[in-house]
Amino acid sequence: MTCVVITPNSPLIFRDPKPFDTGAGGAVSLPFPTPSAVAGTLRTAIVRKANNDDFPQAMADTVVNWKFQGPLLRVGSEVYVPAPADAYPEGGAFHRLRPVELPGAGCNLPGGLKPVGLPLNSKAGKPEYGKACDFWKVTDLASQWLIPGGESIDQSSIGGISLERDRRTHVAIGGNYAGVPGMLFSTEAIDFQGKEVTTGLVVKIVDTGNTSADGLNGYTHRIGGEGRFADFSVVDAWPTVPPTWKTTVESATQLCMVLVTPAIYAGGWRPHWIDPQTFKGKIPGTQTEVELVGARIPRWKPLAGWEIKRRLENGKWIEGGPKPLRRMTPAGSVYFFEKVDNTEVNPDALWLASSMSDGDAPESNGLANLKHDGFGLAVWGAW
């Protein structure tokens, strides 16, 4: 399957939505680029490469329907995903967080959901999140974490990595290219170059219509804030299904979903294919019905951006503008399900698959295009 590997030539900035100007602090990058930022770059690069570095306005309505999956972190030839939120690092081990029963007590979670935490008899101490890696090798996640096992596994058994942050201080430039006194500001970027092996992003090409992405092989294009450059290559680099994981998921009655890219659901934190009353629904792309019994979700992340496409408002053409702020359910979030019936699970439909619906529900207006960008990509497993 065709993938595009993006190898940055310098640290990249994917700004958070906080206001930024000289004298007002600094520009801080999100921990990892959002799917929409990378998908937008790919759409622009593919069109410009195919049209002698020009972007015809007529293509704007076409490229929004192009479909991608990702981005994921690629180190050497290995693919990494954000660490799952149900991994509790302590004492050199990752302890499994699970929905727990509270004998003689209760909670006010919606839909009768169970709280997610350590077993009541656990002796684990305070978590050591600062010492744990931010990204796990996806094959280790599937073959060691997303299968039933003991209450914990050694951290050394998980291939992990963290990305460094590149912090720089700048001064505003005035007339005659001289610095403006007192106008200092800073930038913080993601450093993909601080490793011994080539590090970058990988994105799966699902559909680009009649325009091929093969022309990007060997192409150099801008990406992220400040228009920094990255090299593009077209390869077959998408992770394959691990056999042991596939066998386990086929027979599982308790399933969990780990987001590997952020999701934006019409129901907020709740996937919009889950009924808000019964907390039941069919897994997208399958006939398997499940019931949500618990969730481990970190704090939401903001998504903003700038719309470059012209739009008609009150009879006047507006040249783009700020996009509305949305709340992302962050990558690493974990949802715990139990099967409602005996429908056989298709593992191939649960491997790096979209957890977004087709956007056909009334409350899902506008979410279909976000799915095309790569939001809501997930790996399922058993618990």
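Colleague: Is Asp-348 buried, partly exposed or exposed?
Modeller: This is a predicted model, in which local features need pLDDT of at least 70, side-chain atom pairs count only at pLDDT 80 or more, and totals for chains, interfaces and linings use all residues. Residues are numbered from 1 along each chain as its sequence is written, and side-chain values use heavy atoms, with hydrogens and water left out. Buried means under 20% relative accessible area, exposed over 50% and partly exposed in between, with a 1.4 Å probe and protein chains only. Because its relative accessibility is 45%, Asp-348 counts as partly exposed.

Colleague: Which residue meets Asp-348 in a salt bridge?
Modeller: A salt bridge here is a side-chain nitrogen of Lys or Arg within 4 Å of a carboxyl oxygen of Asp or Glu. The N to O distance for this pair is 3.7 Å, and the partner of Asp-348 is Lys-246.

Colleague: How many residues apart in sequence are the parts that Arg-98 and Asp-86 tie together?
Modeller: Arg-98 forms a salt bridge with Asp-86, with the closest N and O atoms 3.0 Å apart. Arg-98 counts as buried at 15% relative accessibility, and Asp-86 likewise counts as buried, at 1%. Strands are DSSP runs (E, at least two residues), numbered from the N terminus. Since Arg-98 lies in strand S7 (residues 98–99) and Asp-86 in the loop between strand S4 (78–82) and S5, the pair ties together parts whose separation in sequence is 12 residues.

Colleague: Is Asp-166 buried or exposed?
Modeller: The side chain of Asp-166 meets that of Arg-168 in a salt bridge of 2.6 Å, N to O. Arg-168 counts as partly exposed at 36% relative accessibility. With a relative accessible area of 17%, Asp-166 is buried.

How values were computed:
Helix = DSSP H or I, 4+ residues; strand = E, 2+ residues; numbered from the N terminus.
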